[in-house]
Amino acid sequence: MSVVDGELVDLIGAIYDAALDPALWHDALDRIRSHFDLHNAIMGLNRFGYEPTSIAIAVNIPDEYLRMTGADYAGDILRLWGGPEQIARYPVEEPVAMHEVIDFKSLSANRYYRDFGAPQGLDDQVAMVLTRDRHQVGNIGFGRHRDFGPVTEDVVAGLRVLAPHLRRAALITGILDEERRKNAMFEAVLKAVRSGVVLVDRSARIIYRNPAADVVIDAGGPLHDEHGKLELRGEGVAGHLQKAIEAAADGDVPLGRRGIAIPGTRSDGTPFVVHVMPLGDRSVRTGMPGEAVAGVFIAERGDDPDLVVDAATMIYNLTPTEARVFELIVDGRPSAQIAKLLAIAPSTLKWHTLRLFDKTGQHRRADLVRLAAQLRPPA
């Protein structure tokens, strides 16, 4: 087996590592990009209309350019590849070099190329359709910088070897199935948080409880499952939990951004805190069931640092890796140390940090520290 063949085998291994752990998709695409001298990569869904591109993974694309995948550019992106009818004819799993299918003289007339491609020095692209239905295509696209010239046949041939593995891994993880991806992320988020958390409707009926909450409830802790309804034993003021849940059902304003902390005492005299977080206005973004109006967190004390991270994880739908990055940034760790602790490349850490900024609406590390302070439950 040649050296190149051996490197392709390693890349295939990285692809299936991502199938087992979706957090590794960024590293896998970054390795593919680097191996073939490609500048950047995007995996996502392009719809046959004027809806924004849904990006699952982006590699080596500055934040200001990622914003150019919205509805304003949707038509330009489709036209760049010949329009919906032409895209529908591209074979699944077959890499297509842009210079082979369009007249490069027309590039300067395309607004997406002028605003996205040209400023980054991209003179060619190669893309593969991985999934397709009558409404959209799931694909991976790689940009080629002008310093390396147009996409060559050996690059196309190498990507052709990887294509079936990329498609299989994408189908396994559901990364290009948007609804499945949202549901899987929602489930992963709730399972990953270290606090016990229970989702309830307005009447305190239990919709979902994560494994940590199962342990507390099954052990006879302060939270109790009474025939499917959540009850709180030992609360300082009777009915406090139900009132907080009803306030959550009325929106975020009554409780404020941080929700409300309900103190109580166990039968053995030890204190506990239950934190009620409004969720109704976030149901679409997080993929939570529509009837869930509140998340009820369980903590040993109000200043529990895990509670802050878990609250941010649920509110902003952070992945486990993003939550860990958030925790370490708030802890004051420098970027180099965070990358080392998480065993990821600095470029991968940058991607997770940018995603963290985007999800939380913050712009700097200091903003995340302030956000953590705001999320601490009131005394």
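A polar contact here is a pair of N or O atoms within 3.5 Å; within protein, one must be able to donate a hydrogen and the other to accept it, and residues adjacent in sequence count only if both atoms are side-chain atoms. The side chain of Asp30 makes one of these with the side chain of Ser347, at 3.5 Å.

This is a predicted model, where local features need pLDDT of at least 70 and side-chain atom pairs count only at pLDDT 80 or more, while totals for chains, interfaces and linings use all residues. Residues are numbered from 1 along each chain as its sequence is written, and side-chain values use heavy atoms, with hydrogens and water left out.

Let's stay with Asp30 for a moment. You'll find Asp30 in helix α2 (residues 25-35); helices (H or I, at least four residues) and strands (E, at least two) are DSSP runs, numbered from the N terminus. Asp30 counts as buried because its relative accessibility is 15%, and buried means under 20% relative accessible area, with exposed over 50% and partly exposed in between (1.4 Å probe, protein chains only). Apart from neighbours within four places in sequence, Asp30 is in contact with Val59 and Ser347, contact meaning heavy atoms within 4.5 Å.

Now for the strands. Five of them form an open sheet in the order β2-β1-β5-β4-β3, with antiparallel pairing. Its edges are β2 (54-59) and β3 (96-97), each pairing on one side only. Two strands pair if DSSP finds at least two bridges between them. Here are two antiparallel pairs:

| Strands | Bridges | Partners |
|---|---|---|
| β1 (residues 40-47) and β5 (residues 136-145) | eight | Arg47 and Gln136 |

α8 bends by about 40° at Leu162, with Pro164 following within four residues. The bend is the angle between axes fitted to the seven residues ending at a residue and the seven starting there. Leu162 is buried, and other buried residues of α8 include Val155, Leu159 and His165. Just after α8, Gly174 takes a positive phi of about 70°.
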